[in-house]
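Reader: Can you walk me through this one? Keep it quick, please.

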Amino acid sequence: MTDYHGRKFLRGIVAAGALTMVACGGSDMTDPGPVLPASPFELVVEGLGPVPERYTAELSVRGNYGYTTTWGTRRATGIAARGNAIKIWDVSSAKPALIDSVIVADATTLGDVQIIDDGKYLVVATETTNGSIVIFDLQNPARPVQIARYHDADTDPGVHTAEVQAVNGKLYGFLSIDQRGSTPARLVILDLSAPASPVKVFSQVMGNPYVHDVYVRDGILMTALWNDGMTIFDIGGGGKGGTPAAPVQLGNVKTVGGNVHNIVWFHDAVTGSKKYAFIGE
C-alpha cells in the first residue's frame, strides 16, 4: 500500500538473489561496462523475515545486521499494533532472523532509518505529531542504545524523511517535515557532529505542498519539492559560498505534472560525468 506521499511499504523483509554483472578485463582494453542479463529475468527470493503484526516501512543494512522500521497502525490481525517498533535482524544468512525490537515512545510511524557510514550510530525519523529523529549508539549492533532524540516546534508535524550525510567532514541530518493542516512543509538541517547533542542550523518552509526527500553529495543539496519541482542548493561544494547553515540556491526545474518525490544524482564511474539526476514521481 502507499501513504499520502505515495511511498510504498512492504510487509516483511525480503532477501533477493543478486544479479551478477561481468565486465571485460585487461590493462590494454577499455572497460565496456557491465553485461546485463537478458530481459525479462527472475529475482529469486532466498529468505523472508515476516512481520505479521505490523506494516514494515524502511530498511538499513550493514554487515550482519539489518534494521527495519514500522508504519501506521495495523488492526487486521486483531492487534492494534502501532508503527513504533524498530526490528533488529541477523542477516548473516539467506533467511533473516529476528533478534530483538526497540519500541520508540510517542510515535505512530517510524519512517527513514539509516546507519551512519562509519557504523557507529543509527538514525530513525518519527511521525506524526511529536515528529523527531532518534539517534541510537550501535556499539553493540544487536542492542541499539538511544542517546538522543531531537524534537522542536519545527519538527513537530512529523519528520517524513531524514538523510544523514557529511559535508566538508562534518555530519548533518537533513529532515523533510510534514505538511499538516495549516502548517506548511519545511526542511530542517541539524548539525550531528556530536550525535548525542544535535543542533539545528537551518529551517525553512519549502515544498508545494510537500518537501518529500533530499539528495546530498559533494556539498550539493537537491530537494524534492513535489509541485515546486527540484531545487538545488550549494551547501559547501557549489562555489557560491553556501553552507548547511546558509544554503545558496543554484537552480530549480519543474517536471510536467509535478509530484517530485525523490532524486538520485548519477555519477558515472566510467566517464566521470555528473550530468544527470533521476527524479522519481
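**Contacts, sheets and cores**

Author: Start with Asp-156. Leaving aside residues up to four places away in sequence, Asp-156 touches Thr-128, Thr-129, Asn-130, Gly-131 and His-151. Contact means heavy atoms within 4.5 Å.

Reader: Before we go on, what am I looking at?

Author: This is a predicted model: local features need pLDDT of at least 70, side-chain atom pairs count only at pLDDT 80 or more, and totals for chains, interfaces and linings use all residues. Residues are numbered from 1 along each chain as its sequence is written, and side-chain values use heavy atoms, with hydrogens and water left out.

Reader: Back to Asp-156. Where does it sit?

Author: Asp-156 is in the loop between E10 and E11. Strands (E, at least two residues) and helices (H or I, at least four) are DSSP runs, numbered from the N terminus.

Reader: How far is Asp-156 from Thr-183?

Author: Their C-alpha atoms are separated by 10.0 Å. Along the chain, the two are 27 residues apart.

Reader: Zoom out. How many helices and strands?

Author: The chain has zero helices and 20 strands.

Reader: And how much of the chain is buried?

Author: Buried residues make up 44% of the 281 residues. The accessible surface comes to about 14,000 Å², and 53% of that belongs to carbon and sulfur atoms. Those areas come from the Shrake-Rupley method with a 1.4 Å probe; for residues, only the protein chains shown count as cover.

Reader: Let's do sheets. What is the order in the one with E7?

Author: The order is E7-E8-E9-E10, an open sheet of four strands with antiparallel pairing. Strand E7 (109–115) and strand E10 (145–150) are the edges, each pairing on one side only. The twist averages 25° from one strand to the next. Two strands pair if DSSP finds at least two bridges between them. For angles, axes are lines fitted to C-alpha atoms, and the values run from 0 to 180 degrees between N-to-C directions.

Reader: How many bridges join E8 and E9?

Author: Six, in the antiparallel sense, between strand E8 (residues 121–127) and strand E9 (residues 132–137). Leu-122 has Phe-136 in E9 as its bridge partner. Ala-125 stands opposite Ile-133 in E9.

Reader: What about the turn between E8 and E9?

Author: E8 and E9 form a hairpin with four residues between them. Asn-130 in that turn has a positive phi of about 70°. Asn-130 is also one of the residues that Asp-156 touches.

Reader: Why call E9 largely enclosed?

Author: Five of its six residues are buried, so the rest of the structure largely encloses E9.

Reader: Which residues touch the most others in the largest nonpolar core?

Author: Ile-133, Ile-135, Val-159, Leu-175 and Leu-190, out of 16 residues in that core. E8, E9, E10, E11, strand E12 (170–177) and E13 each supply at least two of the core residues. A nonpolar core is a set of buried Ala, Val, Leu, Ile, Met, Phe, Trp, Tyr and Cys residues joined through side-chain atoms within 4.5 Å.

Reader: What else is there besides that core?

Author: A second, separate core of 15 residues includes Tyr-172, Ala-185, Val-211 and Val-214.

Reader: Last topic. How many aromatic pairs?

Author: Three. Rings of Phe, Tyr and Trp (its six-membered ring) pair if their centres lie within 6.5 Å; planes under 30 degrees apart count as stacked, over 60 as edge-to-face and the rest as tilted. The Tyr-210 and Trp-226 rings have centres 5.1 Å apart and planes at 80°, so that pair is edge-to-face.

Methods
Buried means under 20% relative accessible area, exposed over 50%, partly exposed in between (1.4 Å probe, protein chains only).
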